[in-house]
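Take a look at the model shown here. The paragraphs that follow walk through it step by step.

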Amino acid sequence: MIMMVLIYSDTEKGALELLSKGRELADAAGRKVSVVITGPDAGSRAKRFIEHGADRVILAAPSLEGFKAEEIADVLEGIVKDEKEDVILISSTKNGKELAPRLAAMLDAGCVTDATSIDIDSGRLRVERTVYSGNAVAKEEFASTPAVITVPGKAFDPLPPDPSRTGEVIEAAVQPGGHGSRIIEVKKMVSEGVNVEDAEIIVSCGRGFKSSDDLKMLEELADTLNGVTLGCSRPIAADLKWLSDDHWIGLSGHKVKPKLYVACGISGQIQHVAGMRDSGIIVAINKDPDAPIFNSADYGIVGDLYQVIPKLVEALKARK
Amino acid sequence: MNIVVCAKQVVDVGEIKVNPSTNKPVLEGIPRKISDIDKNAMEEAIRIKEKLGGKITAMTVGPPDARERIKELLAMGADEGVLIEAPENADYHLVSRALARGIEKMGDVDIVLCGEASIDMFSGQVGPRIAGHLRIPQLTYAFRLEADEGKIRADRNMGDTMVISESTYPVVVTVTKEINEPRLPSLMQILGSANKPLNEWKMGDLGLEGEAPRVTEVDLSGVSMERKNVIFKDDLDEAVNELADRLAKEGVTG
């Protein structure tokens, strides 16, 4: 298999992570890794990618501002066809995940999203991904190239920068076509600046809480555990909006792996469990003894969280 | 508005168990259903039709028993159903190619509505792939939609940002679960759905006979969720003390 690797990410951090894997794949085949960057200031960022492992930086569509999947897909389609790239790595951000399948369809190519591993096995490109809400891992093989793969953040660590590395910077002539869609406005999502994905200890709330004021009780438990991070299940963020989306843990929210996860008043829908199943120790507090959360828990207390949480706070304080 | 809703029959993921002796997930004998978010797409199609008039076609690529799922969508409010027989080893390339060809075969489609992803695989490929095949715009991750005669506007959850986009027709729109609460069909609607047209097409009818998948699955292994499952009930004072001791022993109390 020929291995020309092309990398695109809507964030610089994402591109640096992909470069690390791309470098490994290309080195195994003695081939090259290219990074595509778009926008007016693309040239000034090229050096950084070369230091981190790129052989070539392709500057494209300097007129493009922001991200529109239709335009970026046009640009990448042109580059892949001109340069005969055969593995295309894209970050699994929401932008990346709407871009990759569109591009794959335009190239009549295979695509795997959220790959957790990418390897060459007996000359075949194989990837793994988690399916069925974390209940299974599928190993998949590309039958043809080009192959489009999206990779979640932090799956690979960036290579250390090497200022002595050299590489080529070229300009691609491809231009995006016209499309009937346009972006009217980009707003920052309401955020409380919480990063649940890096948290060591998370206490999390669900529908068992009767009002947003009661979350104070949860904060007290978090403080007692020296874990300031609050998580929540879908209804709390998406429907009730008691907490911002950056607290939301689950399949469409954040995936977390703290050493301790305390689920309070969370029933344990599979979509929630999918977001926290890699946690070290899982504790569940729920008044319903049949709540599925107990199947996913190391320790559980069946009881009213309004009674259990204050008592647990006292018990933990007594042990300090 | 001529609307196509693409829906997928999935296994009820919450019911999946891993067979400990083979380490494979057991998929046989598990109830089938319409992927949850596809019902949100269906509901949104009905609301657009209520506002602007038109016709809704529910389309799926699946096995013969997916007929039953199409009937559920007909009961909810689709006017017509299309079941495209899934080929062996169908991958996203084959499925979305088939849907795109099906949409072309219908002709004059204004809006293609899909869920953001199916709840079994959660790839989110089908919507953007259809848009790529048809080379039409896409509005993804919509949690609010406003359709008018000449254009459609979407509020989109793109993670760190909320993006407001609009598009002319034809367009592919993928929706999130927050966009609406799917309606339950009445008994009359369920009975009435039996008289609505349900077309069955094969890959050959769409010019895709012998089309090969681009990706094949070589292995599927179960990930068992092994937890200690020590559950305390009855005396709460005893329970919290017991739990606090265990957590201290595990060394996870900060």
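Which residue is the bridge partner of A:Gly300 in β15(B)? The partner is B:Ile231. Keep that pair in mind as the tour begins.

This is a predicted model, in which local features need pLDDT of at least 70, side-chain atom pairs count only at pLDDT 80 or more, and totals for chains, interfaces and linings use all residues. Residues are numbered from 1 along each chain as its sequence is written, while chains are lettered from A and ligands numbered from 1 in the order in which they are written.

Start with chain A. It has eight helices and 16 strands. Helices (H or I, at least four residues) and strands (E, at least two) are DSSP runs, numbered from the N terminus. The C-alpha atoms of chain A fill a box of roughly 65 × 45 × 40 Å along the principal axes. Of its 320 residues, 56% are buried. A residue is buried if 20 or more other C-beta atoms lie within 10 Å of its own, exposed if 12 or fewer, and partly exposed in between; the C-beta atoms are placed from the backbone.

Now chain B. Six helices and 15 strands are found there. Its C-alpha atoms fill a box of roughly 65 × 40 × 40 Å, again along the principal axes. Buried residues make up 47% of its 254 residues. Take the contacts in chain B with a separation of 6 or more: 71% of them join residues 24 or more positions apart. Two residues are in contact if their C-beta atoms, placed from the backbone, lie within 7 Å.

Next, see how the chains meet. In chain B, 71 residues are in contact with 76 residues of chain A. Helix α6(B) gives the most to this side of chain B, with ten residues. By class, the side has 34 nonpolar, 22 polar and 15 charged residues. Here Ala, Val, Leu, Ile, Met, Phe, Trp, Tyr, Cys and Pro count as nonpolar, Asp, Glu, Lys and Arg as charged, and the others, Gly among them, as polar.

Return to the opening pair. Strand β16 of chain A (residues 299-302) and β15(B) pair in the parallel sense over three bridges. Two strands pair if DSSP finds at least two bridges between them. Another partner in β15(B) is B:Phe232, which bridges to A:Ile301.

That pairing belongs to an open sheet. Six strands form it, in the order β13(A)-β12(A)-β14(A)-β15(A)-β16(A)-β15(B), with parallel pairing. The edge strands are β13 (229-232) of chain A and β15 of chain B, each pairing on one side only. From one strand to the next, the twist averages 20°. Helix α5 of chain A (residues 215-224) packs on the sheet and touches β12, β13 and β14 of chain A. Helix α6(B) packs on the sheet too, touching β15 and β16 of chain A together with β15 of chain B. The direction of α6(B) makes about 165° with that of β16(A).

Helix α6(B) (residues 236-250) also packs with helix α8(A) (residues 305-318), at an angle of about 50° and with axes 9 Å apart. Axes are lines fitted to C-alpha atoms, for helices over the stretch in contact, and angles run from 0 to 180 degrees between N-to-C directions. The angle makes α8(A) oblique to α6(B). Among the residues that meet are A:Val308 and A:Leu312 in α8(A), and B:Val240 and B:Leu243 in α6(B). By class, this contact has eight nonpolar, two polar and two charged residues.

Methods: Parallel < 35°, antiparallel > 145°, perpendicular 65-115°, else oblique.
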